[in-house]
Amino acid sequence: MTTKTKIVLADDHKLFAAGIENLLSREEDFQVEGVYHNGKELLEALETIKADLLITDMNMPGLNGLGILQHIKKKRWKIKTIVLSMYDEEEIFKKCIQQGVDAYVLKNADPDELIFTIREVMEERYLANFEQVLKQAEEDEFDQYDHFKTAFKLSKRELEILKWIARGKSNKEIADQLYLSVFTVETHRKHLHRKLEVSSMAELVKKALEMGLG
């Protein structure tokens, strides 16, 4: 039986929150315990709800995202936190890091980015880096590969790593380039082997070149 990560969402935009809830509910190892649109109501709920992870917006009535992080830090609650924000400003990022946030994801990031970030955070492998945050907002250079994304169920990040593999980069070099941990790159590489149904590095590179990623 799969152990589920119990997640609480906080965002004052109800349609956006419902979309995130729907996205997370599709994953068999995630369970959304509650969705809140007010900071104070969220904190009251966290007094009783046993959750593993909080995903919160920065702008919230009652109490904003920074205030929520400060409260959690003061109370020393054992809950992981991810800020899901529209702000790609380093000062805001730094303030969140100072309050102990585990990860910072932009609202215009690829949905798969949020899914993978959650798993990285829960496994304590996520490296909080502002350059990585900025990469989330970059225009998707892989739009032309949508047919491969669909056919092989590849994420933007997996295509990006596949591109660097095809260019002969090592896990360490790719990790440095994308501001990821080496373990994260290795995990993506394993997923690529499985999704593309290849068993060796040579086959993986050949597949990447056939896709035009070299």
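A residue is called buried at under 20% relative accessible area, exposed at over 50% and partly exposed in between, as computed with a 1.4 Å probe on protein chains only. The structure is a predicted model, in which local features need pLDDT of at least 70 and side-chain atom pairs count only at pLDDT 80 or more, while totals for chains, interfaces and linings use all residues. Residues are numbered from 1 along each chain as its sequence is written, and side-chain values use heavy atoms, with hydrogens and water left out. Helices (H or I, at least four residues) and strands (E, at least two) are DSSP runs, numbered from the N terminus.

The strands are described first. An open sheet is formed by five strands in the order β2-β1-β3-β4-β5, with parallel pairing. Its edges are β2 (30–36) and β5, each with a single partner strand, so one side of each has no neighbour in the sheet. From one strand to the next, the twist averages 20°. Two strands are taken to pair if DSSP finds at least two bridges between them. Strand β3 (residues 53–56) runs parallel to β4 and is joined to β4 by four bridges; I55 has I82 in β4 as its bridge partner. Strand β4 (residues 80–85) also pairs with β5 in the parallel sense, again over four bridges, and L84 stands opposite V105 in β5.

Strand β5 (residues 103–106) is covered on both faces. A103 and V105 on one side are buried, as are Y104 and L106 on the other. In strand β3, T56 has a relative accessibility of 0% and therefore counts as buried. Contact here means heavy atoms within 4.5 Å. With residues up to four places away in sequence not counted, T56 touches A10, G65, I68, I82, V83 and L84.

Axes are lines fitted to C-alpha atoms, for helices over the stretch in contact, and angles run from 0 to 180 degrees between N-to-C directions. Helix α1 lies across β1 (5–10), β2, β3 and β4, and runs at about 165° to β2. Helix α5 packs on the sheet as well, where it touches β1, β2, β3, β4 and β5, and its direction makes about 155° with that of β4.

These helices also pack on each other. The axes of helix α1 (residues 14–25) and helix α5 (residues 111–122) are 11 Å apart, at an angle of about 60°. This angle makes α1 oblique to α5; angles under 35 degrees count as roughly parallel, over 145 as roughly antiparallel, 65 to 115 as roughly perpendicular and the rest as oblique. In the contact, I20, L23 and L24 of α1 meet P111, L114, I115 and I118 of α5. By class, this contact of α1 with α5 has seven nonpolar residues, no polar and no charged ones. For these classes, Ala, Val, Leu, Ile, Met, Phe, Trp, Tyr, Cys and Pro count as nonpolar, Asp, Glu, Lys and Arg as charged, and the others, Gly among them, as polar.

Helix α5 also holds R119, which is partly exposed with a relative accessible area of 25%. Leaving aside neighbours within four places in sequence, R119 is in contact with E27, D29 and F30. R119 and S85 are 34 residues apart along the chain, and their C-alpha atoms are separated by 18 Å.

Helices later in the chain complete the description. In helix α8 (residues 156–166), 11 of the 11 residues are buried, so the helix is largely enclosed by the rest of the structure. Among the buried residues of α8 are K156, R157, E158, E160 and W164. Just after α8, G168 takes a positive phi of about 80°. Helix α9 (residues 171–178) contains Q177, which counts as partly exposed at 41% relative accessibility. The C-alpha atoms of Q177 and E131 are separated by 10 Å, and the two residues lie 46 residues apart along the chain.

Helix α10 (residues 182–196) packs on helix α11 (residues 201–210) at an angle of about 75°, with the axes 11 Å apart. The two helices, α10 and α11, are therefore roughly perpendicular to each other. R189, L192, H193 and L196 in α10 meet M201, L204 and K207 in α11. The residues of this contact of α10 with α11 comprise four nonpolar, one polar and two charged.
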